[in-house]
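Open the model in your viewer and keep the selection tool ready. Each stop below says what to pick and what is there.

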Amino acid sequence: MPPLARLIRPTIANVNPIRPTRAVWNRTFAMSTGAAETDTQAANAASTSGITVASLEQTLKEKLAAEHVDIEDMSGGCGQAFTALIVSQAFEKKNTLARHRLVNSALKTEIAAIHAWTPKCLTPEEWVKKQKEASL
């Protein structure tokens with residue numbers, strides 16, 4: 001094959017396996033994560049996820065013995081982005097990363113079905129302190 005033809009016609013040997021093209025990367029990532037590729041797929045996923053503020057609160061109260069749970073749906077009602085304030089004695093003597101891992105393990109199936117999850121984890125003592133600071 002002439003050298004010019006090799007440059008024009010791509011082959012498997014010409015594709016860099018370490019750095020795939022954007023199209024290959026996007027398709028591979030979407031298939032591996034189950035991410036929606038179109039707006040229709042995203043809407044269907046949101047309507048069938050079944051994740052609600054009430055279901056998240058109930059799960060956290062059951063699995064972490066949370067004293068206070070305040071969850072807000074940041075996605076405008078479609079159930080795909082949540083922020084949470086969780087107060088539990090289970091967070092005692094744990095750093096922020098360990099607290100988030102504890103919450104994420106308790107909500108493993110729920111987090112897999114939503115797009116964004118932002119927890120704020122406090123012990124009861126920290127919660128009382130924050131309330132006092134807010135009232136000043």
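Select Leu56 first. The model is predicted. Leu56 has 0% relative accessibility, so this residue counts as buried, the cut-off being under 20%. Leu56 sits in helix α4, residues 53-64.

Now show what touches Leu56. Leaving aside neighbours within four places in sequence, Leu56 is in contact with Ile51, Ile71, Phe82, Leu107, Glu110 and Trp117. Pick Leu107 from that set. Leu56 and Leu107 lie 51 residues apart in sequence, yet their C-alpha atoms are 7.8 Å apart in space.

**Helix α4**

Which residues of α4 are buried? They are Leu56, Thr59, Leu60 and Leu64. Look down the helix axis. The buried residues of α4 fall within an arc of 100 degrees, so they line one face of the helix. Ala54 and Glu62 are exposed, on the other side of α4.

Turn to what the buried residues of α4 pack against: β1, β2, α5, α6 (108-113) and β3. Then check the helix length. With 12 residues at 1.5 Å a residue, α4 should span 16 Å; the end C-alpha atoms are 16 Å apart, which agrees.

**The core**

Which residues have the most contacts inside the largest nonpolar core? Select Leu56, Leu60, Ile71, Phe82, Ile86, Val103 and Trp117. The core has 17 residues. Colour by element next: α4, β1 (68-73), β2 (81-87), α5 and β3 (116-122) each supply at least two residues of the core. In soluble globular proteins, nonpolar side chains tend to be buried together.

Centre on Trp117. Beyond its neighbours within four places in sequence, Trp117 is in contact with Leu56, Leu60, Phe82, Ala84, Ile86, Val103, Asn104, Leu107 and Ile111.

**The salt bridge**

How many salt bridges does the count give? It comes to 1. Select Glu126 and Arg99: their closest N and O atoms are 2.8 Å apart. This pair links distant parts of the chain, with Glu126 in helix α7 (residues 124-135) and Arg99 in helix α5 (residues 96-106), 27 residues apart. Side chains of opposite charge can pair when their charged atoms come close.

Is Arg99 buried or exposed? Arg99 counts as buried because its relative accessibility is 9%. Glu126 has 30% relative accessibility, so Glu126 counts as partly exposed.

**Two positive phi angles**

Go back to α4 and step just past its end. Ala65 takes a positive phi of about 50 degrees there, although Ala65 is not a glycine. Ala65 belongs to the loop between α4 and β1. At 54% relative accessibility, Ala65 counts as exposed.

Jump to Lys93, in the loop between β2 and α5. Its phi is near 60 degrees, a positive value in a residue other than glycine. Lys93 counts as exposed, at 81% relative accessibility.

**Zoom out**

Show the whole chain as a cartoon. The protein has 7 helices and 3 strands. Trace them along the sequence and the pattern reads α-α-α-α-β-β-α-α-β-α. Of the 136 residues, 24% count as buried.

Draw the contacts between residues at least 6 apart in sequence: 54% of them join residues at least 24 apart. Finish with the surface. The accessible area comes to about 9,800 Å², of which 57% belongs to carbon and sulfur atoms.

Technical notes. Residues numbered from 1 in each chain as written. Predicted model: local features only at pLDDT ≥ 70, side-chain atom pairs only at ≥ 80, totals over all residues. Heavy atoms only, no water. Helix = DSSP H or I, 4+ residues; strand = E, 2+ residues; numbered from the N terminus. Buried < 20%, exposed > 50% of the residue type's maximum accessible area, 1.4 Å probe, protein only. Contact = heavy atoms within 4.5 Å. Salt bridge = Lys/Arg side-chain N within 4 Å of Asp/Glu carboxyl O. Areas by Shrake-Rupley, 256 points an atom, 1.4 Å probe, with all protein chains shown as cover. Core = buried A, V, L, I, M, F, W, Y, C linked by side-chain atoms within 4.5 Å. Expected span 1.5 Å × (residues − 1). Arc of directions from axis to C-beta.
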